[in-house]
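This briefing goes through one protein chain by topic. Please read it alongside the sequence and the model.

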Amino acid sequence: MSILIELKDDYSEKVHYNRSDYPIYIKSGLLSHYPNYAAPNHWHDDIEMIAVLDGEMKYNVNGEIINLTNGNGILVNSGQMHFGFSDARSECNFICVLLHPMLLCSTASYENDFVLPVIRNNAIPYIFLDPNTSWQKKILEQIHFMYKRKGLKTMPLDVQSSFSAIWSLLYDNIPPNDNILHPQSSDLSITKNMVGFIQKYYTHKISLMDIAASGAVGQSKCCKLFAKYFNQTPNIYLTQYRLNKSIELLRNTDISITEIAFSVGFSGASYYAETFRKWFGQSPTKFRNESMQK
């Protein structure tokens, strides 16, 4: 048995919204709930907004590291590669809101005049939300408001209103699009293809040559891109991804450690256990037992 990540044709992740009838995802989270205090690297068409409630974490957007602390946050534009993490394994309590831009596209004119100019703006892969800046503070307030309303029947209406207010603030305050295809844009597209390949075929035997070929680049270029965007090698990324998928199986199934090892792409149970212990400081069996007691 294997749990596969759901991918679209472009290898972006399929977001599981709070309700299937509205493209809205709102939750609070703790960074410690993620393996090794690092959320999975991901991207999607949705606008992602983070507001830090307590603690701190680093946020990687297209290879750039942004420090988030209590009271501030970040808005990540559509299609950007991003994830939160803590090298120091420090806790962070945060609100996460994902909203699809289609919520704002009531007519073709709205989409063309107001939505596309923002999501296609090369100048803003993200906006750091500083509570000391008036318009950014208003966005943070809207994030908190949406979180407070998430359990109510009128939540979709409240979110629609808040999202429109946020979009108006963005539209009025962001820098103009320079309409230049930056080299980073090409590198990002290549990296997405390679990461998507790993996410789709991690259960198989994958070589560095295979990963590079999925991005139509040489092995040297492949390694440089993974160093740039993830600060790690392609093989380490693959190993970490397999370990993270194995954690899902340890927590949610009763299949044997040997079956888990093979199902996520490891060559054997002993090598899997050794690698797991190296990354998480305990055996898979101990991790499973502790997870069952929580």
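Ser-283 is in contact (heavy atoms within 4.5 Å) with Phe-276 and Arg-277, leaving aside its neighbours within four places in sequence. This is a predicted model, in which local features need pLDDT of at least 70, side-chain atom pairs count only at pLDDT 80 or more, and totals for chains, interfaces and linings use all residues. Residues are numbered from 1 along each chain as its sequence is written, and side-chain values use heavy atoms, with hydrogens and water left out.

**Confidence**
- The protein chain has a mean pLDDT (the predictor's confidence in each residue, from 0 to 100) of 89, and 93% of its residues reach 70 or more.
- Residues 1-5 have pLDDT below 50, and this stretch has 19 contacts in the model beyond near neighbours in sequence.
- Where pLDDT is low, the predicted coordinates should not be read in detail.

- Ser-283 sits in the loop between helix 9 and helix 10 (284-293); helices (H or I, at least four residues) and strands (E, at least two) are DSSP runs, numbered from the N terminus.
- Ser-283 and Ala-273 are 10 residues apart along the chain, with 6.0 Å between their C-alpha atoms.
- Glu-274 is part of helix 9 (residues 269-280).
- Glu-274 counts as exposed because its relative accessibility is 54%; buried means under 20% relative accessible area, exposed over 50%, and partly exposed in between (1.4 Å probe, protein chains only).

**Nonpolar cores**
- A nonpolar core is a set of buried Ala, Val, Leu, Ile, Met, Phe, Trp, Tyr and Cys residues joined through side-chain atoms within 4.5 Å.
- The largest nonpolar core has 38 residues, and those touching the most other members are Met-194, Ile-211, Cys-222, Phe-226, Phe-230, Tyr-272 and Phe-276.
- Helix 7 gives the largest share of this core, seven residues.
- Not counting residues up to four places away in sequence, Cys-222 touches Met-194, Leu-208, Ile-211, Ala-212, Val-217 and Pro-234.
- Another core, of 29 residues, lies apart from it and includes Ile-47, Val-118, Trp-167 and Leu-170.

**Cavity**
- One cavity of 30 Å³ or more is found in a search of the whole structure; a cavity is a set of points on a 1 Å grid over the protein atoms alone where a 1.4 Å probe fits but cannot get out.

Technical notes. On a 1 Å grid over the protein atoms alone, a cavity is a set of points where a 1.4 Å probe fits but cannot get out, and a pocket is an open set with protein on both sides within 12 Å along at least five of seven lines; lining residues have an atom within 4 Å of a point. Grid points are joined across faces, edges and corners, and a volume is the space filled by probe spheres set on the points.
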